There are 2 protein chains.
Amino acid sequence: MIAVVTKYETVGHPHYPVTACLLPICSLNNMAVTTTEGIGNSARLHPVQERIAKAHGSQCGFCTPGMVMSMYALLRNYPEPTTSQIMDALSGNICRCTGYRPILDGCKTFSKASISYLNVKCRKAQKSNFPLLFNEKEFLPLDKTQELIFPPDLQVSESWMKVFQGERVTWYSPSTLKELLELRTKYPEAPLVMGNTNIGLQTNLHGVFHPVMISPINVHDLYTVAPDDAGITIGSAVTLAQLKTILSESVHKLPKHKTKTFQALIQQLRTLAGEQIRSMATLGGHIASKLAISDLNPVLAAAGAQLNLISKGKYSDLYKRKQPMCLIQVCRNISTTKKCEEFVSAFRQAQRERNAYAIVNAGMRVRFGEGTDMIQDMDIFYGGIGSTTLSAKNTSQALIGRHWNEEMLQEACRLALEEISITPSAPGGMVEYKRTMTISFFFKFFLQVLQNRNKTVSKPLVIYLSSIKDFDTEIPKTLQIFQEIDTKQPARDPVGRPIVHLSGIKQATGEAVYVDDMPPVDQELFIAFATSTRAHAKILSIDETEARQVPGVVDIIRAKDVPGKNAVDGQGTLFSEETVECVGQIICAVVADTSDHARRAATKIKIAYEDIEPAIITIEDAIKYKSFYEPFKGIKHGNAEEAFKTADHILEGEVHICGQEQFYMETNSLIVIPKGEENEFDIYVSTQDISTSQFAVAAVLGVPSNRIMSRVKRVGGAFGGKVTKPAIFASAAAVAAQKTKRPIRCVLERGEDMLITAGRHPVSGKYKVGCMNDGKIVAADVSFYTNAGCTIDESFLVLVVALVKMDSAYNFPNLNCRAIACKTNLPSNTAFRGFGFPQTVITLCMPEHMTQQNNK
Amino acid sequence: MIAVVTKYETVGHPHYPVTACLLPICSLNNMAVTTTEGIGNSARLHPVQERIAKAHGSQCGFCTPGMVMSMYALLRNYPEPTTSQIMDALSGNICRCTGYRPILDGCKTFSKASISYLNVKCRKAQKSNFPLLFNEKEFLPLDKTQELIFPPDLQVSESWMKVFQGERVTWYSPSTLKELLELRTKYPEAPLVMGNTNIGLQTNLHGVFHPVMISPINVHDLYTVAPDDAGITIGSAVTLAQLKTILSESVHKLPKHKTKTFQALIQQLRTLAGEQIRSMATLGGHIASKLAISDLNPVLAAAGAQLNLISKGKYSDLYKRKQPMCLIQVCRNISTTKKCEEFVSAFRQAQRERNAYAIVNAGMRVRFGEGTDMIQDMDIFYGGIGSTTLSAKNTSQALIGRHWNEEMLQEACRLALEEISITPSAPGGMVEYKRTMTISFFFKFFLQVLQNRNKTVSKPLVIYLSSIKDFDTEIPKTLQIFQEIDTKQPARDPVGRPIVHLSGIKQATGEAVYVDDMPPVDQELFIAFATSTRAHAKILSIDETEARQVPGVVDIIRAKDVPGKNAVDGQGTLFSEETVECVGQIICAVVADTSDHARRAATKIKIAYEDIEPAIITIEDAIKYKSFYEPFKGIKHGNAEEAFKTADHILEGEVHICGQEQFYMETNSLIVIPKGEENEFDIYVSTQDISTSQFAVAAVLGVPSNRIMSRVKRVGGAFGGKVTKPAIFASAAAVAAQKTKRPIRCVLERGEDMLITAGRHPVSGKYKVGCMNDGKIVAADVSFYTNAGCTIDESFLVLVVALVKMDSAYNFPNLNCRAIACKTNLPSNTAFRGFGFPQTVITLCMPEHMTQQNNK
């Protein structure tokens, strides 16, 4: 969920988008928070809501409020944004079913500069009976005077320290540097929290607990922005988004040669997380917490930026953290470059352009003697290869006095490879890849500097010049081609017409009710699961003692509490007490008054295991141990064995396809409400298959299924992942509801969901094809192995789908094919868009392709 | 709802049944409250629950928990009660659909003395295939060791004054007489509350408000029970149930001649309210508050009982209440009678034996000189004929010295009629009847004394001797005759078999969920109605000001708030703003956080009216003003007019049948829950006709009816009254839910329900019948008028039913009949068990009966 936070006194834009899950409530003192519900509703839409919805930008709708608010934040600050600003603004939002094109289409209607969206310009679009995807003339205008004002009540400037005392955590928000330093001394272990993008991840995802938090959000001294001749002094509390704005403004104002560092930083900032995170994360926090991986630190180091630290005791080394109470006061001199020829560059390589940590990054600076290509001074810093930013100090030193030519390049690479050693145990691994990147970055730097100095690039290197071009992020073109509507088609017939999603408007306004939007039910409890940490083990003991001491815990649900069958059809044991067959298998569950209490208690259940050998993980393991679900499925035509004997050529090979997480936006969510009579339950489940959950719940409770009223209103994405798996959670929650006689809410965290539910089946296909010289296939023998996981669940179905596909897509005169589900110690895999088709098609394409190749 | 309250230190039995609606929460300090949920559930039944349910004692089930708890209270005190004790224990419980026979059947299985219930002894019951209604051998035994113990935490004896401060009321519970007298002086207007059976009625039903209440429940001095030679001293705080026990025990212990007053009091106590009320109401409260109507006061007065009063100031006259702070301390000398011949008798006449105030009652005492029939001393006191108990002082005085004979009787009657004057404006009216009763009671007294003195009753009076016999309350005989089951009938075929109600057990244990048992819904509000106090008037103004100031009020719902049609199909306007057509018509509604706030605010809505003439109330009025719903319905056969000319006899007449309240145990109850999207609502209604409410709600909201999910789980009685009327309340609540976007709960109080919903149609039938000398009817002309009320609603249906009945039950060769619905200024009448049949049958029986009479 994305919200917009508005702060009264702030540097830069007062409205900024945030990811709500990372925002501690205490940090919102005196700020205004706006969600999509606050800007409009279906009775009185906000233009952003209207345009995203009517441009078909909402499908399951779970991401839509976030898209709306990111765009809203942009519009509050830039009422006529450019397409690139729009794309930047939305880059932190994920959509899994709509795709981004229609969302951008809607948003781009706000952009005067680029009415570049092609509103359904089909090749035949001139004809009048060709419908428009949407008609922007109908849209409400954006009217700044209609926007929410900052609440006058919050326009206060409080100058005293605030202390918030929660159940377990004390939050200090000092108002002066002095108070801050005192707190830092008093609580040396307490983290400094500003945007919470770092600490928040630790606490939300990794269960890190801090009894004291110090938030210097109100310490004005930390917000300095002071440009001077030497550069610019930036306070540590300035956010990355503000930094980007400040640097960009400086780039516009100052002569180009003075801002080379700024540009290198801007280049890194553009891909450093999304706009929401940049709006929350501070420069100081980034420098201090992202020691190993920071994209900015190598650039700052190479540029010789100075960090000003302060502490109540003595100054200390930030990087080594010997003195825990040291504090970044300001990060100074993100320097201007001198007039003499100096170049600063930044590099990063990540798994994708945005929203991913760099695998390796670098900052490099070189200064030449005036009018020469002789290196006067040089700095090379790398990130991602050690616990902090690393300097290639020896390399840099050794190159001083050398000319900027290919010999120097060769030497530099040799020296750098020598100097930068990456231990095989380095976090993230990929040692060889990283080593390659370190010299590859220097190679790019070499070329950049050459080109920027307008020097000729020697012939052999010219072909590499493209490598220094920025990756060109294409503005998506919105050309959608669809069928022309027959003039005789009645107006009421929707086929072929672009009709806005019936719930689109409500999804954009937040009025759409997903399971977890349902208001609390009287006496409701929350359920959290304790799951196996072993792939294959015997459970020796389960100790509830500590878990039961967590406040708010009402009960712990175990196998003995299941009144009916302790299993979900096709999905194995519900609560495992004897053995576990995969990591993530549910062992027991905690019900408590809040999700926080339930989750905390679940982590405190002590389970002792004794591993059972073997733990079968891969298809290869399964083949080795002959661990299959039998009987195999197969199809046989003709006589493949005989036909192979007649074939001119026999081709054999294997194809391996990995699994994949569905990553529906809405994690598994449900509410089970006991009706108070006769074991009747209302269950509200986010599922694609309403009756599987109904029957499963009935079976675990041991009641007829007509006692279970199963309801689905909305599903925030599923892609096949919510067919059978929700039944596990519904069943567990139902047992808890039956035992406690109270409603149970179950909403998984992303990590839990991915841990327990698995996804697309990994597949290994083995094929043997016999073909004649003319390329005609005469015989095929195909084995299709799927990694089913620890229960068979939906795997037989994927096999059947695969077999049918094999048999129907090609006409093999002599076919012998088998589909084999491997029993492994993984959570059982499930349906996924295409369910069996892609894997089969790839497997079958391979011999087809090869025989064609062969034929050529 | 009946609960059992257990008090640690108490006179008599610690467990006593109470009516929960009269029990102030503050009075329960240090007491244990047990409801049916506390004694068992369907997993572990209490024997009382089991026996009532399995003896078929639960139909709609709404009264069952009360029945269970009344019986439970009895069993806690008397594990083997007599049938008469059982009947006494249940006499305060009302059942409307089961009837009392099966309930008593179940309860009587606890009674060792009388296994008198006849378990389905059909005439052919000897045959083996004749099923038993229930098999008592299967029943759980009553095991005292399994009963709840008094919670040790509550076994405290606190000796300080308790003060409870509510939103508007302060409750003082002094612990000493001194504190009590001080409070009484400080708050002279504050009522003394013990059982709350008097004040509770005032506050619950009549909106009387007391900012301060004083409850001397913990003042030990008021609980005195001190027998001595002269009689017995009873504290004012002793309950009527305790008094009954104390007196009964004395009657057993003392010689008969000493306890004549006791017996007279016991006789009155037996019919004075039900056991629950007697368990709560105190002797002091009864004497002081029931001045006009008390059944005990005339007896106490006649017996010369002495009241001891105390106050901080001076003693005062209780009856005249000149000194408001006077206080009954003890009521003393409920005297023993002397050895000489003295007689005390008590009399009462009420509309029914129990649970009804007496119309007139009396206490009479006479003492004769030893060995003579000469009146030495005499006292006659009457209740019900003035504002306090009245003494026939002159009559008594004049008779002293007279012999106890018929001359004295004549004289006494003459004197009494002269002395006791009843003004025509006396409360309750019935002046002539009451005058008759005063001498009739004396006549009974005369006969009783004669008989008790073993004197001959003269011939002319002998025939009246039966009048002094107690009305013989017959112990119901449980003979149920039903069809013998065919031996070939399969075991699974339930027809003819006595099968326990499927929900019987849950209804007995309180697990059955009626609408108002549904737990609170998040953000729920309560609705209360402001209704018309005029039969026919124009509304001049509606002033909400004062109502909106009541705490907790969220909104006031009026005609303008109805988004769709401001009317319920067939039932007229939903919220009336222009005119009202009956008393009880809904004008507007208040929604507030609690039912108390909503109701309080509703009474504060100021509505100004201007009466419109005429106000048509009766069928006669309607005929006079020709106020009919047209067209009339009619059936015509042959030629009645011609046939009348040939008839030997023509009989004409009229029959008038009054209306009747359905008196379902569960008043109209519903919850409307907005789903948060698209005007979708879940409605949970106690109705016999689920779709009428659904369609009505859809119409007032102006949405398709598929948006309204209408649900009925249980109905706590209906009898035809919950077919169409619930739609009014559901519609009003839905408008409120739609406006406030919050769930709305609507549960009517009994008075509101009776005011707004009406009941069985009053009917006037006019008939003219022509018959021959042999009794054969040749022609009939029948007009059947129903009082439909201000809208037609279900009235046309009752007419159709009536006509069909007329036409089908008799074969009139020449028939001319009309059924006419009268439009009157009453709430529209509705279906009722038999709907039209009883009225029609009575109307048709009259001429039939008369022609038969005629024929004889």
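Reader: Two residues are in contact if their C-beta atoms, placed from the backbone, lie within 7 Å. How many residues of chain B are in contact with chain A, and which classes make up that side?

Author: This is a predicted model. On the chain B side, 11 residues are in contact with 11 residues of chain A. By class, that side of chain B holds 4 nonpolar, 2 polar and 5 charged residues.

Reader: Is helix 2 of chain A parallel or oblique to helix 5 of chain A?

Author: Two packed helices are described by the angle between their axes and the distance between the axes. Helix 2 (residues 47-54) of chain A packs on helix 5 (residues 101-108) of chain A at an angle of about 140 degrees, and their axes are 7 Å apart. Angles over 145 degrees would count as roughly antiparallel. The angle therefore makes helix 2 of chain A, relative to helix 5 of chain A, oblique.

Reader: Which residues make the contact of helix 2 of chain A with helix 5 of chain A?

Author: Helix 2 of chain A passes helix 5 of chain A in a right-handed crossing. The residues of this contact divide into 3 nonpolar, 1 polar and 2 charged. Helix 2 of chain A supplies Arg51(A), Ile52(A) and Lys54(A), and helix 5 of chain A supplies Ile103(A), Gly106(A) and Cys107(A).

Reader: Why is strand 25 of chain B largely enclosed by the rest of the structure?

Author: In a regular strand the side chains alternate between the two faces of the sheet. On one side of strand 25 of chain B, Ser669(B), Ile671(B) and Ile673(B) are buried, and on the other Leu670(B), Val672(B) and Pro674(B) are buried. Strand 25 (residues 669-674) of chain B is largely enclosed because, of its 6 residues, the number buried is 6.

Reader: Which residue takes a positive phi in the hairpin of strand 25 of chain B and strand 26 of chain B?

Author: Strand 25 of chain B pairs with strand 26 (residues 681-685) of chain B in the antiparallel sense over 5 bridges, with Pro674(B) opposite Phe681(B). The hairpin has 6 residues between the strands, and the residue with a positive phi near 90 degrees is Gly676(B).

Key. Residues are numbered from 1 along each chain as its sequence is written. Chains are lettered from A and ligands numbered from 1 in the order in which they are written. This is a predicted model: local features need pLDDT of at least 70, side-chain atom pairs count only at pLDDT 80 or more; totals for chains, interfaces and linings use all residues. Ala, Val, Leu, Ile, Met, Phe, Trp, Tyr, Cys and Pro count as nonpolar, Asp, Glu, Lys and Arg as charged, and the others, Gly among them, as polar. Axes are lines fitted to C-alpha atoms, for helices over the stretch in contact, and angles run from 0 to 180 degrees between N-to-C directions. Helices (H or I, at least four residues) and strands (E, at least two) are DSSP runs, numbered from the N terminus. Angles under 35 degrees count as roughly parallel, over 145 as roughly antiparallel, 65 to 115 as roughly perpendicular and the rest as oblique. A crossing is left-handed if the near helix is turned anticlockwise from the far one by less than a right angle, and right-handed if clockwise. A residue is buried if 20 or more other C-beta atoms lie within 10 Å of its own, exposed if 12 or fewer, and partly exposed in between; C-beta atoms are placed from the backbone. Two strands pair if DSSP finds at least two bridges between them.
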